[in-house]
Amino acid sequence: MSATADHAEERTNPAARLGFQPGQVVQEIGYDDDVDQELREAIEGVIESDLVDEEYDDVADAVVLWFRDDDGDLTDALVDATTYIEEGGAILLFTPKTGRSGYVEPSDISEAATTAGLTASKSVSVGKDWSGSRLATPKAAKSKR
């Protein structure tokens, strides 16, 4: 595939933009009727398997956390999510876009991530109603330097 085709896929496939890789185990937290089904399918397509749910009892390579303003404390949710991932893994935080029910202020995301010991390394639009932030554990953030 050409560099242009790779770039086009990254632009059109939010799962590729977020850094998902084939063979990864991705745990999903916060699933509800309002999640972006196309995004879920795109992630499953990239990782070549189904997302595992909150009952998964092993560590995952990454966590997808769907979070809305009324879901409770974001810092607590992020700290909890870090217990599910491998050292150096990432949390993909998906929040409703501006103007949507459950919108979370970017400053709240930044503050919660910092308090939870995470580093925001990427933020992208991931669908019509959702924005995504890639949050890395300190080891993952250091390894990218």
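Q: Hi! What share of the contacts with a separation of 6 or more comes from residues 24 or more positions apart?
A: In this predicted model, residues 24 or more positions apart account for 75% of those contacts.

Q: Nice. How many helices and strands are there?
A: The protein has 6 helices and 5 strands. Starting at the N terminus, the order is α-α-β-α-β-α-β-α-β-β-α.

Q: And how much of the protein is buried?
A: Buried residues make up 43% of the 145 residues.

Q: Which residues touch the most other members in the largest nonpolar core?
A: That core has 20 residues, and Phe20, Ile43, Val64, Leu92 and Phe94 touch the most other members. At least two residues each come from α3 (37–47), β2 (60–66) and β3, with α3 giving the most, 5 residues.

Q: What does Ile43 touch, leaving out residues up to four places away in sequence?
A: Ile43 touches Ala15, Phe20, Leu51, Val64 and Phe94. Another core, of 18 residues, lies apart from the largest one, and its members include Phe67, Ala77, Ile91 and Ile109.

Q: Switching to pockets: how much space lies in the largest one?
A: About 170 Å³. The lining has 12 residues, and the closest to the pocket centre are Thr95, Pro106, Ile109, Ser123 and Ser133.

Q: Which elements give two or more residues to that lining?
A: Those are β3 (85–96), α5 (106–115), β4 (119–125) and β5 (130–136).

Q: How does the lining divide into nonpolar, polar and charged?
A: The pocket lining has 6 nonpolar, 5 polar and 1 charged.

Q: Last one: what does the accessible surface come to?
A: About 8,000 Å², with 45% belonging to carbon and sulfur atoms.

Technical notes:
Residues numbered from 1 in each chain as written. Predicted model: local features only at pLDDT ≥ 70, side-chain atom pairs only at ≥ 80, totals over all residues. Heavy atoms only, no water. 1 Å grid on protein atoms, 1.4 Å probe; cavity = no way out; pocket = protein on both sides within 12 Å on 5 of 7 lines; lining within 4 Å. Points joined across faces, edges and corners; volume = space filled by probe spheres on them. Helix = DSSP H or I, 4+ residues; strand = E, 2+ residues; numbered from the N terminus. Nonpolar A, V, L, I, M, F, W, Y, C, P; charged D, E, K, R; others polar. Core = buried A, V, L, I, M, F, W, Y, C linked by side-chain atoms within 4.5 Å. Buried < 20%, exposed > 50% of the residue type's maximum accessible area, 1.4 Å probe, protein only. Contact = heavy atoms within 4.5 Å. Areas by Shrake-Rupley, 256 points an atom, 1.4 Å probe, with all protein chains shown as cover.
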